[in-house]
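Subject: The structure for you to look at

Hi there,

Here is the structure I promised to pass on to you. Please open it next to this email, and then read on for what was found in it.

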Amino acid sequence: MALTPQTQRWPADRAILFVHGVGNASVGDYTPLVEQVQAMLGDDARRFAFYFLYYDEINDWFAAKNQAGALFEQLIGGVRSKLSGGAAPVGLGNAIAEFAGDVLWPVLLADARTAVRTMYLNQLRQIVRDGENAKVAVDKQQITIIAHSMGCFHTYEALREAATNQQVMLSPDTWGVRFANVIYMASPVQLIRSVAREIQGVVPRKETLHCVAGNALAMPSEPNLSGVPVMSARRTVSITGNLDPVGGHLIRNKLPWAYMDFPNEPTFEPYIDPQQLATIGSGEDVTLAELFQSALREGGAPKITPENPHAWDAYVARRADQIKTWLVS
Amino acid sequence: MRRLIVAALLLCGSGARAQEFRLNDILDSLKRGATLVKLDSADPVAAIKLDSVSKLLRAAGAGTVKVSALAGVVTGTRVSFGAVNRWDTRGTDLLAQAWFHDAILLLPKIANGALLRPLRTTQPDSITDGILAPTNALRSLGMAMASEQGAERLRRMDIKYGTGSPQLNVLEATVNFAFQWLPGLRAAKDGSPSRWEFLGAYRTLEVNVVRSGRAIPNAELISAGQVGLRWYRWSTTPDGRWAKLLQPRYGSAGLYVVGPARAPFSSLIRVRRRHGAFIGFGHMHLAFVAEYPRHFVVGTDRHLIPHLF
């Protein structure tokens, strides 16, 4: 059963969890990405246990159960009008709006939200327990999470839940579970926060949707006995591209309502990669829209091409040296 | 002597080790750690909290409570009868109290938040790991329990939403969306799904059993409407076709309506509707139309036309 967490013996003191984005990713789909990371790490790759969170089965449950994209039409319309207010090209606006329609339904169905989060937290606990079984003390475990696109949203929600709910047994201060690195690539967390807050009247169990809480997006943390926040991750990195709308950019313009940021947080490192489209036919905006549509709509795992500004492997490749440093340090 | 026992238990693997630690072991080890790192001066807030919570817990007679029971407390899991002193109900009363829950959670917070770093920097790993062993056992057991809770929550989600669960039409999806706000019908606080689901459907292929006088009953297809609630059964169903048939994952009950025309695809909106009730057993249901002419109808909740019926 795919919902059972992956377990394995750690070769050393560290592990990586990959969390994919939109699409019907299944076991084996990200083998090329892992090979890319292994090549990047060189001999150090042998020190890592590699984990993957495949949560599409749960998305499929809810899609089949409700048979209703209709429920999200209002949402899609909301995103579309918001973008048109910012003078976005129509094709690009539609592509982004459809992406939002795909990713926002955990916002509207509390059970969908809870299901993926439960699966995620089970996997995190299993990773920590695998580390303990390999005789690596929890405080010495070097666990990195690399999330892409919608995987960033599930990562953020899971880590906030872990940090704020001691019953989850993964809080950084009470239970001492701190992740070495959490690397968000093309994160839509702020985009989802903005849209969800606009429609919060129809968001069920808002208190369980962490990204909408507070006056600003907060880093997952737990206060210690003196009230000082202890971060869930020792290092939090956000990498996005200036052509990637999911990461909060529209044709090289940063959209404050869609770009995930934690200003003044010393453990947060933001990076915005300059991007170029390799294929420019009838205008960069049209090409971008087409790339998104093809990447997001296909039935299989998103086909990652060098031209796609949202591509996971391109993000990894551009920051290979830094990522290696973060992972092996 | 206690240290010898602890050392012996450490050799017996984490499962056995975790089972044998008691609250006194946690309190003693944290006290020892606090002395080693001079917590009084390094972190006076933590030192005071450790002292006061230790006195409080010992005064309540909680020192002999097993770590497994404590793990149940911190994860909100019902504590098993065997984990507490079955002849003394004060133990179970204590575990259920909010202050006890908060007091227990203070201990790992002191261990991991205040003691761990100075211990790692001033003591060898063997000493640090030994001091933290009882608290770590609590975490390990708690993690196992939390994962079991998570697995159970996902199992229930699978029953309600997974492959083979009934699909919802637009009306049902909309009403069930609204159910997310209704007490008793919405999900539990811990995130477990509600057992209940609104059911409202137009059925086009119901089998009406008709008997005229002493003639052999014959069957005809009619249309009908259902409004009611579906109820999911969380207990595990044994494998096997017959077992699944006899113990379906869900049942349902509610109001049943048939139109005046005894034909498939007929309208239910007209006058002269007749009413009754139905009960469902898995995807099959049996209805009784109470208004004259009374009759029984059997049907299935499979959708003939997705999204609509």
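Let's start with two helices of chain B: H3(B) passes H9(B) in a left-handed crossing. Left-handed means that the near helix is turned anticlockwise from the far one by less than a right angle, and right-handed that it is turned clockwise. Helices (H or I, at least four residues) and strands (E, at least two) are DSSP runs, numbered from the N terminus.

Before going further, a word on the ground rules. This is a predicted model, in which local features need pLDDT of at least 70 and side-chain atom pairs count only at pLDDT 80 or more, while totals for chains, interfaces and linings use all residues. Residues are numbered from 1 along each chain as its sequence is written, chains are lettered from A and ligands numbered from 1 in the order in which they are written, and side-chain values use heavy atoms, with hydrogens and water left out.

Back to the helix pair. The axes of H3 (residues 23-36) and H9 of chain B come within 9 Å and cross at roughly 145 degrees. Axes are lines fitted to C-alpha atoms, for helices over the stretch in contact, and angles run from 0 to 180 degrees between N-to-C directions. On the H3(B) side, the contact (heavy atoms within 4.5 Å) involves residues including Ile26(B) and Leu30(B), and on the H9(B) side Ile131(B) and Leu138(B) are among them.

Chain B also has a barrel: six strands close up in the order S1-S2-S3-S4-S5-S6, with antiparallel pairing. Two strands pair if DSSP finds at least two bridges between them. Neighbouring strands here are turned by 30 degrees against each other on average, direction ignored. Six bridges link S5 (residues 284-289) and S6 (residues 295-300) of chain B, and Ala287(B) has Val297(B) as its bridge partner in S6(B). Helix H10 (residues 170-179) of chain B packs on this sheet, touching S1 and S2 of chain B.

Now for chain A. Its open sheet has six strands in the order S2-S1-S3-S4-S7-S10, paired in parallel. The edge strands are S2 (48-53) and S10 (268-273) of chain A, each pairing on one side only. S1(A) and S2(A) share six bridges, one of the pairs being Phe18(A) with Phe52(A) in S2(A). On its other pairing, S1 (residues 14-19) of chain A is joined by six bridges to S3 (residues 142-148) of chain A. Of the six residues of S2(A), five are buried (under 20% relative accessible area; exposed is over 50%, partly exposed in between, with a 1.4 Å probe and protein chains only).

Where does Arg319(A) sit? Its place is in the loop between helix H10 (312-318) and helix H11 (320-328) of chain A. Arg319(A) is buried, with a relative accessible area of 16%. Its side chain makes a polar contact of 2.6 Å with that of Asp273(A); such a contact is a pair of N or O atoms within 3.5 Å, where within protein one must be able to donate a hydrogen and the other to accept it, and residues adjacent in sequence count only if both atoms are side-chain atoms.

Last come the nonpolar cores, sets of buried Ala, Val, Leu, Ile, Met, Phe, Trp, Tyr and Cys residues joined through side-chain atoms within 4.5 Å. The largest has 110 residues, and Phe62(A) and Leu107(B) have the most contacts inside it. H9 (residues 125-161) of chain B gives the most to this core, with twelve residues.

Happy exploring!
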